[in-house]
Amino acid sequence: MTLAVLLSGQGGQHPGMFDLTADLPEAEAIFAAAASLLGDDPRALVRAGGPRLHENRAGQILVCTAALAAWILVRDASPARSLVAGYSIGDLAAWGCAGRFAPETVLRLAAARAEAMDAAAAPGQGLAGIRGLPRARIGAMAEARGCHLAILNAPDSVVVGGALPSLETVCTEALAAGAQRAVVLPVHTPSHTPILAGATAAFQGILRSAPATRPPRGAPRLLSGLDGAPVFEGDAGLEKLGRQISHTIDWATCLEAAREYGATRVLELGPGHALATMARAALPGARIHALEDFRSAAGVAAWLRAD
């Protein structure tokens, strides 16, 4: 078995996102590190719900916390061959799962990343998801309204970034042209667009000074969330990790890379099911689940160990 672990991005945070990991003794240090940055225990914060779950800084910390805590379940199941790839902020969490950064470092970097993005972005901007039209056509619609392609999910599915009124117009035009779905997302930052070039410059400086760790023996293969290429050399990988803040992410290529590496099983870690849903189209022969499909940690372990 080759396991592909996909780490969620922002947007799916919800009150039950730590249901399977909240009581893991091995995750206590991760939750404590997140609490020091959030000012609240992340488990209590998400149970309370409300708009704070989708604030940029809190959201990025929470999504990384969810991925790192859930990784314990995967790590303890000891899959023979595995790879990790992360979507947007999940790309940073992937470095923690691959043993390139300690969990505490990942969470501090998540906070710094969000702060750099908030400083570079103006109010009233965000992202929209559009599915059901050719990528080139959506790109032309976006460009005509001063927006940018942010994430390439599939040939007919993209995320667009820009000013909210322009995104709403693009969504209306896409639906009129036959799109299956076109909605403004609950993310208030135009991630992965040139609008955030200043954030890339700031975050790359922070990354260069972050303490890296040597991956343990048997660590999963790390794929860049920017373009799906394997990360062999640390400096080049860190450059991409910073660059993806203001450059288009090719997630479709990441899924293609997972297929080429022979992934037969796929597990999404983090809130929601979006990456698992996309993986079903890109890896039709694989067995695919999101963590939230399971009712218990024991169920996750049993699925990972099953023949």
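Mentor: Let us begin with pairing, since two strands count as a pair if DSSP finds at least two bridges between them. Please keep in mind that this is a predicted model. In it, an open sheet of five strands has the order 6-3-5-4-8, and the pairing is mixed.

Trainee: What makes strand 6 and strand 8 edges of the sheet?

Mentor: Strand 6 (181–184) and strand 8 (249–250) each have a single partner strand, so one side of each is left without a neighbour in the sheet. Helix 10 (residues 251–260) packs on the sheet, where the helix touches strand 4 and strand 8, and its direction makes about 25° with that of strand 4.

Trainee: How do you know that strand 4 and strand 5 pair?

Mentor: Strand 4 (residues 148–154) and strand 5 (residues 157–163) are joined by five bridges, and because at least two are required, they count as a pair; the two strands run antiparallel. Across this pairing, L149 is placed opposite V160 of strand 5.

Trainee: Which strands does strand 3 pair with?

Mentor: Seven bridges link strand 3 to strand 5 in an antiparallel arrangement, with G126 opposite G162 of strand 5. Strand 3 also pairs with strand 6 over four bridges, again in the antiparallel sense, and there R131 has R181 as its bridge partner.

Trainee: Why is strand 3 called mostly covered?

Mentor: A residue is buried if its relative accessible area is under 20%. Six of the seven residues in strand 3 (residues 125–131) are buried, and therefore the strand is described as mostly covered.

Note on methods: Residues are numbered from 1 along each chain as its sequence is written. This is a predicted model: local features need pLDDT of at least 70, side-chain atom pairs count only at pLDDT 80 or more; totals for chains, interfaces and linings use all residues. Side-chain values use heavy atoms; hydrogens and water are left out. Contact means heavy atoms within 4.5 Å. Axes are lines fitted to C-alpha atoms, for helices over the stretch in contact, and angles run from 0 to 180 degrees between N-to-C directions. Buried means under 20% relative accessible area, exposed over 50%, partly exposed in between (1.4 Å probe, protein chains only).
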